[in-house]
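Reader: I would like to learn how to read a structure, one feature at a time. Please give the general idea where there is one, and then the case at hand.

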Amino acid sequence: NIRMTLNGEDIIAWDPFCLDEMVGETGTELVAEGKLTVVSNGEKYYPTLNAYIIPHKSDYSSKEASKKAKISNERQGFYIYRENRLIYHGGYLGMRAKEPHHSLLRVDYSFDHLLDDALRVDIMKSEIQLDEELYNHIKTKFLPGPIKAARERYDLKKQKEVFLQAKTAHERSNRVISRQENDLHISK
């Protein structure tokens with residue numbers, strides 16, 4: 001609920017999950033919700049872990065809307081928020097390499113200050129280190145489904161693009177052949 005300006009110009013917030021109503025786009029899909037329980041100092045805490053597949057760049061209503069989504073290899077992966085402050089973005093915490101086929105996947109991992117010790121948040125609140133059990137759970141149990149869904153959406157779009165290009169690739173030659181066929185029928 002703040003307004004920020006730079007040289008008199010409003011700084012517009014960016015929603016990595018493309019859920020912001022201001023964008024006016026639809027198509028982001030929640031593909032997985034993590035049911036995490038983290039124990040710290042004998043207490044149980046429940047951080048949120050949600051995986052979203054954002055629309056393919058060709059599914060936006062305009063090039064401007066597509067640009068706002070910032071689809072790229074650098075933007076895929078985890079967005080980790082501590083107390084609603086972004087402390088990590090665009091990567092997989094060493095769980096896997098970035099790949100173009102997964103560029104539509106963005107994972108929201110949010111927690112509050114009560115998990116600082118359990119998640120080994122550094123003093124500057126700019127980095128975390130997941131403990132081995134949590135790391136392995138996210139890597140092996142949570143992440144494979146969203147990775148597969150991102151790849152399927154990306155590949156499906158690519159297949160449609162190739163089909164449309166192939167459909168029109170021979171249009172000119174088909175017209176020439178058709179004319180020649182017509183000429184042959186007339187001369188009989």
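Reader: Which side chain of opposite charge is nearest to aspartate 108, and how far away is it?

Author: A word on the source first: this is a predicted model. Now the general idea: side chains of opposite charge can pair when their charged atoms come close. Aspartate 108 is buried but has no salt bridge; the nearest side chain of opposite charge belongs to arginine 106, 12 Å away.

Reader: What does the side chain of aspartate 108 make a polar contact with?

Author: With the side chain of serine 110, at 2.7 Å. Aspartate 108 sits in strand 9, which covers residues 105-111. Beyond the neighbours within four places in sequence, the contacts of aspartate 108 are Phe17, Thr48, Leu49, Asn50, Tyr52, Tyr79 and Tyr81.

Reader: How should I picture the side chains along a strand?

Author: In a regular strand the side chains alternate between the two faces of the sheet.

Reader: Which strands pair with strand 6, and in what sense?

Author: Strand 3, residues 29-35, pairs with strand 6 in the antiparallel sense over six bridges. Strand 9 also runs antiparallel to strand 6, and six bridges join the two. For particular residues, take leucine 49 in strand 6, the bridge partner of glycine 34. Threonine 48 stands opposite serine 110 of strand 9. Serine 110 also has the polar contact with aspartate 108.

Reader: Why is strand 6 described as largely enclosed?

Author: Five of its six residues are buried, so the rest of the structure largely encloses strand 6. Tyrosine 52 is in this strand. Its relative accessibility is 11%, so tyrosine 52 counts as buried, the cut-off being under 20%.

Reader: What does tyrosine 52 touch?

Author: Leaving out neighbours within four places in sequence, tyrosine 52 has contacts that include Phe17, Leu19, Glu29, Leu105 and Asp108. As for distance along the chain, tyrosine 52 and alanine 150 are 98 residues apart, yet their C-alpha atoms are separated by 8.6 Å.

Reader: Which residues touch the most other members of the largest nonpolar core?

Author: Phe78, Leu105, Tyr109 and Phe111, out of 35 residues in that core. The elements that give two or more residues to this core are strand 6 (48-53), helix 1 (63-69), strand 7 (77-82), strand 9, helix 2 (132-142) and helix 3 (144-169). Strand 9 supplies the largest share, four residues.

Reader: What separates lysine 68 and glutamate 64 in helix 1?

Author: About one helical turn, because the two are four residues apart in that helix. Their side chains meet in a salt bridge of 3.8 Å, N to O. Lysine 68 is partly exposed, with a relative accessible area of 43%, whereas glutamate 64 counts as exposed at 54%.

Reader: What should I know about phi?

Author: Most residues other than glycine have a negative phi, and most peptide bonds are trans. Asparagine 84 is not a glycine, yet its phi is positive, about 65°. Asparagine 84 is in the loop between strand 7 and strand 8 (85-89), and at 75% relative accessibility it counts as exposed.

Reader: Where does leucine 93 lie?

Author: In the loop between strand 8 and strand 9. Leucine 93 also has a positive phi, near 55°, and is a residue other than glycine.

Technical notes: Residues numbered from 1 in each chain as written. Predicted model: local features only at pLDDT ≥ 70, side-chain atom pairs only at ≥ 80, totals over all residues. Heavy atoms only, no water. Buried < 20%, exposed > 50% of the residue type's maximum accessible area, 1.4 Å probe, protein only. Lys, Arg positive; Asp, Glu negative; His and termini not counted. Salt bridge = Lys/Arg side-chain N within 4 Å of Asp/Glu carboxyl O. Polar contact = N/O pair within 3.5 Å; in protein donor to acceptor, adjacent residues only side chain to side chain. Contact = heavy atoms within 4.5 Å. Core = buried A, V, L, I, M, F, W, Y, C linked by side-chain atoms within 4.5 Å. Pairing = 2+ DSSP bridges.
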